[in-house]
Amino acid sequence: PHQNHIDCDRSPQSRVHASSFAHRCALRQAKRIVVKLGSAVVTRGDECGLALGRLASIVEQVAMLQNHGREMMIVTSGAVAFGKQRLRHEILLSQSVRQALQSGHNQPKDMSVPALEARACAAAGQSGLMALYEAMFSQYSTCTAQVLVTNLDFHDDEKRQNLHSTLQELLRMNIVPIINTNDAVVPPPEHNSDLHGVNVISIKDNDSLAARLAVEMKADLLIALSDVEGLYNNPPGTDDAKLIDIFYPGDQHSITFGTKSRVGLGGMEAKVKAALWALQGGTSVVIANGTNPKVTGHVITDIVEGKKLGTFFSETKPAGPSVEEQTEMARSSGRILASLQAEKRSEIICRLADLLTEKTEEILAANKLDLEVASSRLPSAMLKRLSLSVAKINSLSIGLRQIATSAQNSAGRVLRRTRVAHNLELEQITVPIGVVLVIFEARPDCLPQVSALAIASGNALLLKGGKEAANTNHVLLQLTQEALSMHGLREAVQMVSTREEVEGLCRLDKMIDLIIPRGSFQLVQDIKRAAKGIPVLGHSEGVCHVYVDADASADKVIGIVRDSKCEYPAACNAMETLLIHRDILRTPLFDQIIDMLRTERVRIHAGPRFASYLTFSPSEAKSLRTEYNDLECCVEVVDSMQEAVEHIHKYGSSHTDVIITENAKTAEQFLQQLDSACVFWNASSRFADGYRFGLGAEVGISTARIHARGPVGIEGLLTTKWVLRGDGHTVADFSEQGTQTYLHESLPLEQKEILQRDSS
């Protein structure tokens, strides 16, 4: 039976060979792996000799996996190319010697190299190829053994059993078998296989050999490296060619195969047939590019780690659409959404707000299931984020109605209008970004918020939620899509429910326009590293500071510090470091602050200067740049407002920072000098929130320097485009010799547009 449910974290040692893996992430379990190196991977571009740098990086990866407990086998081409290089050298050397002996004759001699027979090249190259592999693997203390086979070795039962026994014994002794077809004795190739005088006969044979060997040895994984990225629906290089991420048996009818590869007899069609044969025998297969210098150094290890490279062959077809299909559906519906009148987009959001209140009991029941599962394995801070309540849902509904109002003045708004010349007007208008991917952890309230913001701004939305909130997210997504169905746009918001790795999603640079991670600092950093060519809108840590100045009001200090730290300590805008002016130490105000924190059960970590003032200090802070996300905070002492600013610049995360003081001049200097996304005077850091800013909700808080900064609402999900309306104008009309000139006259916007702009 197929493995529909696989524990992706199981070790390779625990793998029991029964059938092929259903998902990429399960490839981490692969214990026995066959790596097939095609001629295009092993040989140089001129087909004379080996690509030594490429081969060395492949050997390094195979040796590393072998030394980490895997059982590695290599099916290699290259003997013909190696032998051709050797024989060419010998022939040219021989001709040079003869020409030198006949130097007395004046007539020039022909130094061209005759066509070389492939089997002779293979015979001359086998020993050199194996010697090269031995030398390379010896650098990693890994032993190798050469095994030459022909198709007859698989047809004869006794020979096949002997081959199996030999390979089994080599693997038991931790030796990497280097397997090749015995090209010196195989039948001659077809006539049309000749390439520049060299009949390279190993590709087609080695595709079949690798598949047969993998099944015979019950290998868990076959990695076939070629000179293309994987399997395409059309020949690579054509306009409609798309890389197929996962290929299922029976999909052949949707493929148009092209010509064979640069060298060798085989082509992609031969590889697919061999891969399907291996898949049927219980071995998973990945076809990937082994010649791309950007990935060659880690292509094998990345595949074994389950990363999205090449084409993965799977027998288990998911019930729903692939993530690529979901993205296409979302983009198509998103374009229709963007063209809707603003009033209709507002209707959808208001309907979603109504559904949240109408289905409160259903939402809370699903959330209860999630909490029961997560209660034993999630920290308290995460459980608070996961938990929903009637009050939270009502607050969500109110926020969504604010967003609905803002949707009236979002996409399609004219920002600038200029008359370039007579009957030639230029406008800059707001438009949606396109397809936005939001990745969030245990925060189910994030789903309706970002959905409403995407709808208001006309963006298509892909959601990847944490498994901790799976039940709650399912119900909330259904309600969101029900609201979208009002105008036939159910597919504009999609939940990625496949086993797609986050890193795999971040590689879809041609399909996703923006990624917004909502979660821990580690999540944000992982997404930033994984994103390939896709902008990421997110914040670093929420290391927020509250600075208590010498001129601070005692009543304000207690209220602001309590709210900033204790109201919701798991939030990214909660205070993590309390900076206190030196003059406040050993005053009643200082005692009140410490007593309040102790009453609220806040654990205090002393900064180095604060600790030096105390005889018996609390535990010293391990770092002054820590996001505790709990009832803990660091307390440190500074000599002045200027020193507080310098401390925040050094240890802060440019998120939200606060000054408490009655000195207006000091406060203004703090507000001007501090370089954070949000800077407050006599107000809690918890105000750094889209809802409290009047944005209705936020897709996140950005600490980036460009595009959007601080709480990101509808405006952060919009970009602009330029629209030029002319009357047959050409650039030639405005040449230096032309009679017309540029006017560049700024035209007043209509009064309604001015009011909309001001209100936003």
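Guide: What follows is a set of questions about labels, each answered from a value and a cut-off. Bear in mind that the model is predicted.

Visitor: How many helices and strands are there, and how much of the protein is buried?

Guide: The protein has 24 helices and 26 strands. Of its 760 residues, 53% are buried. Residues 24 or more positions apart supply 74% of the contacts with a separation of 6 or more.

Visitor: What makes a set of residues a nonpolar core?

Guide: Its members are buried nonpolar residues joined through side-chain atoms within 4.5 Å. The largest such core has 51 residues. Ile349, Val438 and Leu463 have the most contacts inside it. Helix α15, residues 446–457, gives this core its largest share, eight residues. A second, separate core has 39 residues, among them Ala30, Val35, Phe82 and Val176.

Visitor: Which residues does leucine 463 touch?

Guide: Leaving out residues up to four places away in sequence, leucine 463 touches Val438, Phe440, Leu447, Val450, Ser451, Val493, Gln494, Met495 and Val496.

Visitor: Why is α12 called roughly antiparallel to α16?

Guide: Look at the crossing angle. The axes of α12 (residues 360–374) and α16 (residues 470–484) cross at roughly 155°. Angles over 145 degrees count as roughly antiparallel. Therefore α12 is roughly antiparallel to α16. Their axes come within 7 Å.

Visitor: Which residues meet there?

Guide: From α12 come Glu362, Ile363, Ala366, Asn367, Leu369 and Asp370. From α16 come Ala470, Asn471, Thr472, Val475, Leu476 and Leu479. By class, this contact has seven nonpolar, three polar and two charged residues.

Visitor: What does α16 span, and what does it pack against?

Guide: The 15 residues of α16 reach 21 Å from first C-alpha to last, close to the 21 Å expected at 1.5 Å a residue. Its buried residues include Val475, Leu476, Leu477, Leu479 and Leu484. The buried residues of α16 pack against α11, α12, β13 (435–440), α15, β14 (460–465) and β15 (493–495).

Visitor: What makes α11 and α14 roughly antiparallel?

Guide: Helix α11 (residues 342–358) and helix α14 (residues 390–406) pack at about 170°. The cut-off is over 145 degrees. So α11 is roughly antiparallel to α14. Their axes are 9 Å apart. The residues that meet include Ile349, Leu352 and Leu356 in α11, and Ile393, Leu396 and Leu400 in α14. By class, the contact of α11 with α14 has 10 nonpolar, four polar and two charged residues.

Visitor: How do you know that the length of α19 agrees with its residue count?

Guide: Helix α19 (residues 554–566) has 13 residues. The expected span is 1.5 Å times one less than the number of residues. That should give 18 Å, and the end C-alpha atoms are 18 Å apart, so the two agree.

Visitor: Which residues of α19 are buried, and what do they pack against?

Guide: Val557, Ile558, Ile560, Val561, Ser564, Lys565 and Cys566 are buried. They pack against β17 (544–548), β18 (575–581), α20 (588–599), β20 (632–638) and β21 (656–660).

Visitor: Why is histidine 298 called partly exposed?

Guide: Its relative accessible area is 32%. Buried means under 20%, and exposed means over 50%. The value for histidine 298 falls in between, so it is partly exposed. Histidine 298 lies in the loop between β9 (284–289) and α9 (299–304). Glutamate 60 is 238 residues away in sequence, yet 9.3 Å away in space, C-alpha to C-alpha.

Visitor: And why is leucine 426 called partly exposed?

Guide: Leucine 426 has 22% relative accessibility. Buried needs under 20%, so leucine 426 counts as partly exposed. Leucine 426 lies in strand β12, residues 424–432. Beyond its neighbours within four places in sequence, its contacts include Arg416, Val420, Trp722 and Leu724. Leucine 426 and arginine 725 are 299 residues apart in sequence and 6.4 Å apart in space, C-alpha to C-alpha.

Visitor: What is phi of asparagine 682, and where does this residue lie?

Guide: Asparagine 682 has a positive phi of about 55°, although it is not a glycine. It lies in the loop between β22 (678–681) and β23 (700–702). Most residues other than glycine have a negative phi.

Notes. Residues numbered from 1 in each chain as written. Predicted model: local features only at pLDDT ≥ 70, side-chain atom pairs only at ≥ 80, totals over all residues. Heavy atoms only, no water. Buried < 20%, exposed > 50% of the residue type's maximum accessible area, 1.4 Å probe, protein only. Helix = DSSP H or I, 4+ residues; strand = E, 2+ residues; numbered from the N terminus. Contact = heavy atoms within 4.5 Å. Axes fitted to C-alpha atoms, helices over the stretch in contact; angles between N-to-C directions. Parallel < 35°, antiparallel > 145°, perpendicular 65-115°, else oblique. Nonpolar A, V, L, I, M, F, W, Y, C, P; charged D, E, K, R; others polar.
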